[in-house]
Amino acid sequence: GRRTGLPPGKVRGMLELTISDWIGATRRRRGESNIAHWVRRNRRFGELVVAKGFKCADSVYVFNGAGLEILQSGKRQGLLCVVDQTSAAMRWDAKLLKEEAERWPDWATPEDSVDSWEAMAAREEEEWRLADRIICGSQYVVDSVRAVGGPAEKCRVVPYGHSAERIAHGGEGEARMAQSAERKAHGAREETAEGGNLEEKAETLRLRSGQAGNLKPEIEKDQRTDGRYDCALAPVSGFRPALRSLGEAGSQVLSLPLRALFVGTLCLRKGLPYLYEAMKRLKGAPIEFRIVGPSQTTAECLGRLREYADVAGPVVRSVLAEHYAWADVLVLPTVSEGSANVCNEALAAGLPVITTPNAGSVVRDGTDGFIVPIRAGEAIAGKIDALASDRGLVERMSENARQRAGQYSMARYRQGLTGAIGG
């Protein structure tokens with residue numbers, strides 16, 4: 001509550017559950033699967049909430065798989081019952097992930113097993129039966145509920161909102177962002193063919209565009225290259241010029257590699273083998289890959305990824321903005337999600353997004369990114385190559401991405417959620 005600004009009086013802790021996790025009934029048992037553990041933990045959580053009572057509440061709002069006992073009690077009391085379906089239907093997820101494990105056995109780990117999912121799927125489906133409304137982050141989630149015979153007529157799509165300021169500044173304030181963001185106008189500091197250096201070009205561009213004072217040139221040593229310098233035009237008011245507008249200096253910029261970023265858990269769900277396929281197809285092309293997130297794949301497969309990409313590992317959220325600032329495009333070839341937050345974050349950072357329909361994103365194919373089929377490494381490679389070959393397209397999609405992200409604020413999400421629950 002302290003982090004989100006919620007009134008302290010409206011937040012209730014669960015010390016009993018914390019103690020139980022340490023030394024009690026919900027402590028994870030030796031050899032127990034992750035899902036089986038969460039079934040027991042979620043059941044205990046629901047029992048504790050019900051024991052505390054609902055006081056004067058006229059409704060209950062729960063997350064899928066974690067609210068069955070609460071919904072059962074709420075239904076008996078005649079309360080409005082709402083389920084937030086945060087992911088695709090578990091039974092649908094299990095089908096896809098089982099297929100992935102069979103297709104890529106060398107990439108699979110015990111965490112990818114769906115053998116113990118039945119109990120959680122059964123909880124989820126009973127929650128749907130009790131619910132008056134099912135809130136879904138995307139149409140893909142609705143379709144997955146329908147695909148397993150669930151009550152799609154109860155579903156309401158409310159795309160998630162985001163805090164653009166939080167994404168842009170990574171929680172560290174504007175000064176930090178000004179030093180690290182928008183590092184896309186890379187080039188040598190030496191004299192250009194037209195005379196003058198990139199700093200002078202940037203100043204000329206500011207004057208011509210009427211943006212004097214709105215751009216801050218940043219020159220710093222780029223450790224990932226051999227003595228080159230970064231000339232980052234870090235926008236203070238959100239303006240960002242097309243790199244091709246730099247004339248002869250811009251041609252130097254466009255000769256540099258496209259930077260493609262993956263953010264997420266390194267696992268079968270996120271389509272990691274298809275990213276690997278795409279990177280192999282693009283070997284030798286002027287493209288740099290970076291993979292950010294915790295690993296849930298085998299050491300052997302992690303080694304394969306390192307042949308083609310900088311595998312950065314997990315990072316704290318305050319550092320994530322720097323990776324978005326480094327990149328030109330986000331690539332998320334996910335097999336199944338609810339609505340991938342990373343896509344919204346990337347759009348807000350001005351990155352075109354290459355993803356699949358199963359990401360449940362708000363990306364528009366051909367406008368602020370590309371939508372490719374699941375399990376399509378060749379298609380992913382083709383879209384990355386298209387961006388690498390046309391930096392003007394990158395710039396247009398980048399601007400469209402920011403505009404698209406601006407349509408999905410937290411205020412809009414609040415309004416949509418209120419309407420969906422009331423309707």
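Modeller: Before we start, buried means under 20% relative accessible area, exposed means over 50%, and partly exposed lies in between, with a 1.4 Å probe and protein chains only. At 11% relative accessibility, Tyr276 therefore counts as buried.

Colleague: Fine. What sort of model is this, and which pLDDT limits apply?

Modeller: This is a predicted model; local features need pLDDT of at least 70, side-chain atom pairs count only at pLDDT 80 or more, and totals for chains, interfaces and linings use all residues. Residues are numbered from 1 along each chain as its sequence is written, and side-chain values use heavy atoms, with hydrogens and water left out.

Colleague: Back to Tyr276. Which ring does Tyr276 pair with?

Modeller: Tyr308. Rings of Phe, Tyr and Trp (its six-membered ring) pair if their centres lie within 6.5 Å; planes under 30 degrees apart are stacked, over 60 edge-to-face, and the rest tilted. The centres of Tyr276 and Tyr308 are 5.8 Å apart and their planes stand at 70 degrees, so this pair is edge-to-face.

Colleague: Where do the two sit in the chain?

Modeller: Tyr276 is in helix α11, and Tyr308 is in the loop between α12 (299-306) and β9 (310-313). They are 32 residues apart, and the pair links distant parts of the chain. Helices (H or I, at least four residues) and strands (E, at least two) are DSSP runs, numbered from the N terminus.

Colleague: Is Tyr308 buried, exposed or partly exposed?

Modeller: Partly exposed, with a relative accessible area of 22%. Ring pairs also bring in Trp107, which forms a cluster with Tyr276 and Tyr308.

Colleague: How many aromatic pairs does the structure hold?

Modeller: Five. One of them is Tyr160 with Tyr413, edge-to-face, at 6.0 Å centre to centre and 65 degrees between the planes. Tyr160 is in the loop between β4 (155-157) and α7 (164-169), while Tyr413 is in helix α17 (residues 410-422), 253 residues away. Both Tyr160 and Tyr413 are buried.

Colleague: What about charges over rings? Which ring does Arg290 lie over?

Modeller: Trp326. Arg290 is 4.1 Å from the ring centre. The charged end of Arg412 sits over Tyr408, 4.5 Å from the centre of that ring. The test wants NZ of Lys or CZ of Arg within 6 Å of the ring centre and within 35 degrees of the ring normal.

Colleague: New topic. Which residues touch the most other members in the largest nonpolar core?

Modeller: Ile291, Leu305, Tyr324, Ile384 and Leu387, out of 63 residues. Helix α11 (residues 272-281) gives the most to this core, with six residues. A second, separate core has 24 residues, including Val60, Leu71, Ala89 and Cys155. A nonpolar core here is a set of buried Ala, Val, Leu, Ile, Met, Phe, Trp, Tyr and Cys residues joined through side-chain atoms within 4.5 Å.

Colleague: Ala89, OK. What does Ser144 touch?

Modeller: Ala88, Ala89 and Trp92, leaving out residues up to four places away in sequence. Contact means heavy atoms within 4.5 Å. Ser144 lies in helix α6 (residues 139-147) and counts as buried at 1% relative accessibility. A polar atom of the Ser144 side chain lies 2.7 Å from the backbone oxygen of Val141.

Colleague: Salt bridges next. How many does a search of the whole structure find?

Modeller: It finds 22. Each needs a side-chain nitrogen of Lys or Arg within 4 Å of a carboxyl oxygen of Asp or Glu.

Colleague: Which residue does Arg123 bridge to?

Modeller: Glu69, with the closest N and O atoms 2.8 Å apart. Arg123 lies in helix α5 (residues 118-130) and Glu69 in helix α3 (residues 68-76), so the pair ties together parts 54 residues apart in sequence. Arg123 counts as buried at 6% relative accessibility, and Glu69 counts as buried at 12%.

Colleague: And which helix holds Arg146 and Asp143?

Modeller: Helix α6, where they are three residues apart, about one turn. Arg146 is partly exposed at 47%, and Asp143 is partly exposed at 35%.

Conventions: A polar contact is a pair of N or O atoms within 3.5 Å; within protein, one must be able to donate a hydrogen and the other to accept it, and residues adjacent in sequence count only if both atoms are side-chain atoms.
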